Amino acid sequence: MVMSGGHYHLQYSTKTGSVNITCWGTLQHVQRTAQTFFIGDVVKLTNCSVIEKSESNNDSMYNPSTNVFFRITIDMKAGGIETVNYMDHLLKLNGVIPGENTDYVFLDQIVRSKTTYLDKLVNCLVVIKTTPAKKNIVTKAGKNVVNCEFELIDSTMEVVRFITWQESVAELTYSLIPKQSILFLRDVKVKEDSFTDTISLEAFSKSIVTVNPSIKSAHELYSFAQKLPDDALTPSIKRVTSGTSKVPLHSITRYVTIEDVMTEFPEHGILNAMLTSFNCKDKGISKRCTGCQKKVHGLCGKAECFGKDIQSYYDFTVSLADHTGYTDKVKLTGECAEKLIGSPVTFYEDWDADQKSSCMDRVQLERYKIVFTTFNLPSGIWIQVKQIDPWVYSVNDGV
């Protein structure tokens, strides 16, 4: 439910569809009515008007998407809304994602390709990482507004800030528990803070937040979240900052194929594979705080890290292929990426488009000997490149 000026808007969901409802009246009437229920309540509508849904740009731009051809209106003269307590079986609808579109993008896709997603609307499946913080703010015009911010994380281990100025969404977040509450965010806007160089997701009047949605991928994300440490880092950061793998690289001697990796899930091995995609144009650089070694998108917010430097490092997601298969779940980071590119990250940051294109032409579609370790996420088995060299035929290759 969203309240604005002399009307408020809410969306009613069923298992088969959802409909937008608008109430008109004086500001006092709207505020009084809005305070009688919250998101997730079961309500009863009486004497309401059913009208054809408007196809205007304003309707589609600011109101949640629905899969029906009509909308409902109530006002001070006709129609009413009240909460009911005798239809608890409808509460299970709280886990139903409104509409038919349950596709979503991963947070690392948004961060790595921010120019593609900036100011666009996206769907995301995430878990709460930090306790929501609510602020009551008085604007210069004397208006009281609510701001709520907290951190989100998903199966890619990317962390993004969530922001809302919608009081109804802020109310909804009060009961959220870090690492316990799963959210399906529909039609949230991707924003960028140019000062801190950070990406955030912002909920506005069109956005819908579904808590603990009843879909398989949400249950998988919940199971994944239970294993997260409180200071959860991205998998690539963990491996870069650890310096060495638990298994010394020289002791990894088993040659495997991509099919072996996808079916046998080895902890480590050696691949002879072709680098089929290596996109320099997506930048491929992340940053971490030299104090806590945590991945950041701008300045580190920890008090103990005040004054610490922010360090850049290579962080690419690439794809590999051999005669048995293909995978795009491959991390190429740190010194391995530097060796392949042939330039320190500090110089690479100043490269122009021609230099990056030249690099892509040089390294893509070439065959390499790759020593790797693996890690498992809900999205599948991932390969972490630990050493990469041009492939040279040897009778000891094993494949």
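Six bridges join strand β8 (residues 121–128) to strand β12, and the two run antiparallel; within this arrangement, L125 has F184 of β12 as its bridge partner. Strands here are DSSP runs of E, at least two residues long, numbered from the N terminus, and two strands are said to pair if DSSP finds at least two bridges between them. The structure is a predicted model, in which local features need pLDDT of at least 70 and side-chain atom pairs count only at pLDDT 80 or more, while totals for chains, interfaces and linings use all residues. Residues are numbered from 1 along each chain as its sequence is written, and side-chain values use heavy atoms, with hydrogens and water left out.

Strand β12 also pairs with strand β14 (residues 208–211), in the antiparallel sense and over four bridges. In this pairing, L183 stands opposite V211 of β14. A further antiparallel pairing, over five bridges, links β12 (residues 182–193) to β13. There, the bridge partner of V190 is L201 of β13, and K189 stands opposite E202 of β13.

Strand β13 is paired with strand β11 (residues 159–164) as well, in the parallel sense and over four bridges. R161 has S200 of β13 as its bridge partner. Of the six residues of β13 (residues 198–203), five are buried, so this strand is largely enclosed by the rest of the structure.

Key: Buried < 20%, exposed > 50% of the residue type's maximum accessible area, 1.4 Å probe, protein only.
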